[in-house]
Amino acid sequence: MLMKFSKFCVATLLLAILFSGCADRTASEEEGKTVISFSAPAPPEHRAVYQQVLRIFMRKHPEIKVKFYPTTGQNYEERIQTEMLAGEAPDVLWWQDEYFPGMVEAGQFLDITPFIEAENYDLSDFFELSVKEFGHKGRQYGLPQAWGASVIFYNKDLFEQYGIEYNDDTWTWDAFIDACQRLTRDIDGDGKIDMFGIQANQGSSYSFIPLWAAGQEILNEDKTKCVINTPEAVRAYRWWAERWTKHKIQIESFAEAGGGVVSIPDQAFAEGQVGMYETGAFFAHQLRSFTKFRWGIAYMPICPYTGKRSTRYYGDGYGIWSKSKHPKEAWELLKFLAGPVGQRMMAQLGRSVPARKSIAYSKYFDREDTSWEEHRLVDAIKHAHLQPITTQFREFDNIVGQITDRVILTQDLTPEEGLALMEKEINKLLAEGS
Amino acid sequence: MAKKENVFSKILGRVSIRRILGNSFARAFLILGGITMLLPLGWMVTTALKDEWTIQNYPGKWKISIPQIAVKDTLLLDYILVMNDELEEWVLEDFEEKITPWQGEGVGLSSSTGHTFLERQGQQKEVLPKVGKRMLAIDYDFTQNSQRSWRRSFKTPLRIENALNISFWVYGNDCGYELSLEFIDGDRIFSTEEPLLVNFRGWRKLYAVFRPEDRYGERVLFIARDKSGPIAFKPTDDIHISPQEIKFSFTRISYPKVLWNKALNNFRMVLRSIPFSRYYANTLLIAFVVTLGQVMTSAFAAYAFARLEFPGRDKIFYGYLATMMIPGAVTMIPRFIMVKWFGWFDTLYALIIPGLSTTYGTFLLRQFFKALPKDLEDAAKIDGCSLFGIFWRIILPLSKPALITLAVISFMGSWQMFLWPLIVTKSQEYWTLQIGLAYMGGRGGEMGSQYNLIMAGALLVLIPQVIIFMAAQKFFQRGIVLSGLKE
């Protein structure tokens, strides 16, 4: 028995050495080529598309070899930050707008303004906000890839069934609340409401949507002061909070959407338990083979005092790591990913709107073979606002989230008190930061 | 008769009804408890067998949908697109014969407000992706023949050298027939490597890929292969485009095969979407080597701490033990930096070598060795056994249960390791199963909400652990009898 065991040990060890020997082979494979690395959270079904784009890039630039490291979406930021600390980060990397300024301030992204100026690289085909979100203090640190805006998905069948007209162009806050109230019903007559008007996000930037519509900015021009506590803002914020506290038209939590743990938060809408769903543009893609009812895309309602509407913009893009040994080659890849082929890839994946106008309005994104109107997602740019992203966005988001919870869930703060407290706390945070 | 009654009443007399009731109640309670504990596993197994259609229903259902037998239906194809390797695409519309909206048998189409509906007898009305003006409907009646095909020629600016894929929407009715595709370009014929199973419900976009360099990931359900060898890329200024033709054929398959395919479907999808076998090999290798290393190093160290006399032995041991109290997250970064120094970042070494020793194992074995009667060793010493001989011939065989326990714990630990492999590896070729699973269900992924696939993957990951546990069971039980001597 023991002899056998020791033989097994030896065999396994040999196997281990053999296997781990494989590690070094790939590195020396490509000589005479500049090897750069690229990382993005590409789920299995996107990986091949990315790889195809990189193959085209390498065919056009035979002197460059790109090593692609698709990663899991979870912990992407933490992982890249660890790699940066260890000096092992990829040359070109995907990044989200929310954590971008912080990383730029930490000096992790290369200033690509010199490249843009040297080549006279044309940025005009990109949506303005997309370019702006990757800029910091007048310099450009990355190129955008895709973006999305928060919109309202609505169940056309339910609207028709209860005789509610969805007149998108004239809907104001009041009309919106009215429709929500008419959709909030007790269908089986057991005294408990089982259909709600809307399912919405309580996230910080969602509470800012009515504030923007009321003509209010969150931070001042140079992002040093919070200017949220004005009568207009309070009025808008109160309207938003009353959706939970007064009108009770919201499905309150995901658990209430059907009892127990709802692992797919979009279920309530898909099951016809809510009439509208306020979420990001990516949801359209999730509904791609959905066949139970007709649905449409609508915009956020209009503020009656200003006659304007607004929405939240979110986006992502690519940057070059500041310690990259091959910034020139990395710039070539960056241009390619943000170029027509890379943008067609984004359109193909279909989850967010490509950052180039020429592609966003083309047949590659506004597709014939899908049942929804993609151009409505693109047109949302007309009233989209950048989130008030600063270097301390995480803390900022926490403050807003906690105060919002106190206003709409525990209700120990009135909207007026909430906004005043929010302004105070955010100003404290901004002062600490500078 | 009288005798039997006697026996019966005797038993009854001895065992009171109360006790019988109490016993059966206790048993029922235990069995019920056992079943309740098994429910999550049952859910996992059934979910692994469900299709996308079933898991999208809310609230969740236990029932697995069973495919129907295909007799008469209409196959719906929509938006056949070709794409070149610059990701430009064209809808095939230049058919010689126009595809028109159709009325099939027992199937109806109607449209209003920009949507088209599909109505089937006895089924709920469904919404179709955009107006089906390019929809192709092929009626089939499998009672007559078991194969139908459809063939059309068309013209696109696509040059076959640059072809990347063909995609199309198919409406599946869960009947389980096979669909195969041929693409004819001049005298070259590409055909699918293996037929596609239409065993899903509702619309789904399918791809046939011309360049199978990277099979994993893309929602590739089948691969088009050129019968005359792989396509060579040749840049040419020749604008001439050869006549192209596309042929779809579908075949009825036997019902047992349909069921079999349905059961295996999710597992196949998992194996197709990520390089599962690679992850499996990595994880197996890591788990075996780490387990072996941990048992060996722990046994040596534990023997030293339990039996050898050297100055400061216990102090060293307590220092050693103290490392167990530090949470792993704290030592993560120093460990990472060390691994980087040694040049092991993004290699299998980083996954194996730091795991080769364990404080916990040393502690466990030391306690066990200490409890072994010293008389055995003295006896061996008198018989002339060396120090190592005692360790190898006396201590180790006696502590088999402890060793096996440690081995099982180490195996489970290294099999389930997640954060460390995630941090020290970058290339997918060194990933482990746990990262593979997380990758599959990760943020932004379409598979993130496909619990049937995730469960199927999780089941595949689970199997070796169950086997190891069952194999080790025997040793756990024998452990009690083994110590052999009383003090």
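I looked up the buried residues of H9(B) and found B:Gly361, B:Thr362, B:Leu365, B:Arg366, B:Phe368 and B:Phe369. (Buried means 20 or more other C-beta atoms within 10 Å of the residue's own, exposed 12 or fewer, partly exposed in between, with C-beta atoms placed from the backbone.) They sit on the same side of H9(B) because they cover an arc of only 170° around the axis; the arc is that of the directions from the helix axis to the C-beta atoms.

This is a predicted model, where local features need pLDDT of at least 70 and side-chain atom pairs pLDDT 80 or more, while totals for chains, interfaces and linings use all residues. Residues are numbered from 1 along each chain as its sequence is written, and chains are lettered from A in the order in which they are written.

Next I checked the face turned away from the buried side: B:Lys370 and B:Ala371 are exposed there. (Helices are DSSP runs of H or I, at least four residues, and strands of E, at least two, numbered from the N terminus.)

Then I turned to the cores. (A nonpolar core joins buried Ala, Val, Leu, Ile, Met, Phe, Trp, Tyr and Cys residues through C-beta atoms within 7 Å.) The largest has 149 residues, and A:Phe153, A:Leu333 and A:Leu334 touch the most other members. Strand S6 (residues 142-155) of chain A gives this core its largest share, eight residues. Apart from it lies another core of 51 residues, including B:Ala302 and B:Met455.

Last, I noted the domains of chain B: domain 1 (72-270) and domain 2 (276-483), with bounds from an automatic or database assignment.
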